[in-house]
Amino acid sequence: EPDMNGKQLVLASAFDFREAEGCAQSPSGLLGHAFSRYSQLLKATAKSAPSNYARKLMQQKDSLEQISAEREEGIVLRGLDVLIATDKEVLELGMDESYQLDIRMPRVLITANTVWGAIRALETFSQLVSRDSKQGDLVVDEAKIQDEPRFAHRGVMIDTSRHFLTLPTIMEVLDAMAYSKLNVLHWHMVDDQSFPFESVALPKLVMGAFSAEHVYTHSDVKKVIEHARRLGIRVVPEFDQPGHTESWGVGYPELLSKCPTKVSEKGPFDPTVNTTMVLMKMLLRELSELFPDKNLHIGGDEVDETCWMGDPEVMSRMRSMNIRDPKMLQSFYEQQVTRATADVGKTPIVWEEVFANMDKMYSIHPSTWIQVWMGGLDNWKDTMDRITKEGFHALLSAPWYLNIISYGNGWRDY
């Protein structure tokens with residue numbers, strides 16, 4: 001709800017950021033980090049070429065003399081004050097990111113219930129500031145903005161298995177997310193192609209990495225989480241299984257079934273042996289302690305059922321377990337793994353196939369979120385309805401693929 005009909009103001013050369021009287025104190029210094037970040041961003045703006053917006057504003061002025069006269073009348077902004085109501089700093093679904101931004105003389109005022117709202121307001125302010133084309137000063141229009149997010153979960157997924165991303169690159173992704181006020185990094189860390197995570201609980205898993213250099217240690221992960229936290233971004237890891245797991249089998253071949261139709265002969269996890277869930281529980285415990293977010297994505301998509309059907313040992317054990325077909329086998333496994341995830345204090349997220357193919361003999365943990373990624377432009381709506389009607393949280397990704405291979409004007413459909 002912006003009101004932006006005011007006059008143009010000039011930022012003082014000594015423009016500063018400070019806590020307003022009565023501002024709740026940030027227990028971990030988040031507001032101080034934000035002040036430093038946006039001070040640097042304003043300095044970068046001051047060194048940049050003037051924007052087209054700034055040029056347009058300057059064209060509306062009669063002359064440099066008029067600008068100088070206005071500045072003498074006291075249109076210089078001295079700084080920015082932030083007033084936060086509470087010291088709550090928990091990153092979680094539904095955290096309060098609302099704010100009010102009042103750009104007025106002599107100081108800008110941000111009011112918010114939490115530091116997350118204040119950080120979003122600082123981002124908005126930094127994007128409203130531009131460099132004028134004549135004097136070279138930083139300028140901003142008087143405005144009053146009241147804002148809050150429409151969606152509590154606003155995410156971007158990165159894939160570091162197929163394409164390893166260095167830490168600086170991941171940090172740049174996080175910075176770009178902050179510019180757009182996105183608040184969840186979905187880190188699809190491992191897949192068939194590589195296993196770049198250095199697990200302490202299962203140290204041989206990292207043998208599935210591209211090389212010793214293409215690996216994330218616990219220390220690396222903590223750096224990503226901390227950088228994200230300072231930007232108000234949650235980090236949700238995804239360890240996709242029981243399919244997409246060839247790289248897991250490099251260090252732990254006992255996890256995988258045998259697949260005669262593949263050159264590698266590596267199939268999905270073998271849910272018919274106890275070892276699979278024993279090892280998975282060890283990894284889940286480790287991940288629950290490393291990643292602070294309440295959610296943990298455990299995949300479940302695109303399981304190649306023909307591999308299980310082509311493995312005589314798996315089929316033999318399925319018969320002894322009274323499991324009649326591969327869909328029933330995955331349902332048996334998903335029931336176990338979603339409950340194991342909940343047992344370590346996490347809310348599991350799975351891809352939509354888990355929900356769609358669930359055998360009635362089994363059930364996923366009731367806290368599970370379902371991520372919808374299939375269905376093109378229309379079918380996903382029916383899927384979302386079915387999921388929510390059964391009482392599950394639904395997370396929508398289907399219409400928004402940044403890597404969609406479509407040419408001409410096809411992108412407009414997304």
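The structure is a predicted model, in which local features need pLDDT of at least 70 and side-chain atom pairs count only at pLDDT 80 or more, while totals for chains, interfaces and linings use all residues. Residues are numbered from 1 along each chain as its sequence is written, and side-chain values use heavy atoms, leaving out hydrogens and water. The chain has a mean pLDDT (the predictor's confidence in each residue, from 0 to 100) of 89, and 87% of its residues reach 70 or more. Over residues 61-70, pLDDT stays under 50. For that stretch the model has 10 contacts (heavy atoms within 4.5 Å) beyond four places in sequence.

Two packed helices are described by the angle between their axes and the distance between the axes. Helices (H or I, at least four residues) and strands (E, at least two) are DSSP runs, numbered from the N terminus. Helix 1 (residues 30-47) packs with helix 4 (residues 115-128) at about 5 degrees, their axes lying 10 Å apart; axes are lines fitted to C-alpha atoms, for helices over the stretch in contact, and angles run from 0 to 180 degrees between N-to-C directions. The two helices are therefore roughly parallel (an angle under 35 degrees) to each other. Among the residues that meet are L30, F35 and Y38 of helix 1 and W116, I119 and F125 of helix 4. The residues of this contact comprise 12 nonpolar, one polar and two charged, where Ala, Val, Leu, Ile, Met, Phe, Trp, Tyr, Cys and Pro count as nonpolar, Asp, Glu, Lys and Arg as charged, and the others, Gly among them, as polar.

The R120 side chain reaches the backbone oxygen of L231 at 2.9 Å. Beyond four places in sequence, R120 touches residues including E97, R154 and N183.

N183 and R154 are 29 residues apart in sequence, with their C-alpha atoms 5.4 Å apart.

The D220 side chain reaches the backbone nitrogen of T217 at 3.0 Å.

Notes. Parallel < 35°, antiparallel > 145°, perpendicular 65-115°, else oblique. Polar contact = N/O pair within 3.5 Å; in protein donor to acceptor, adjacent residues only side chain to side chain.
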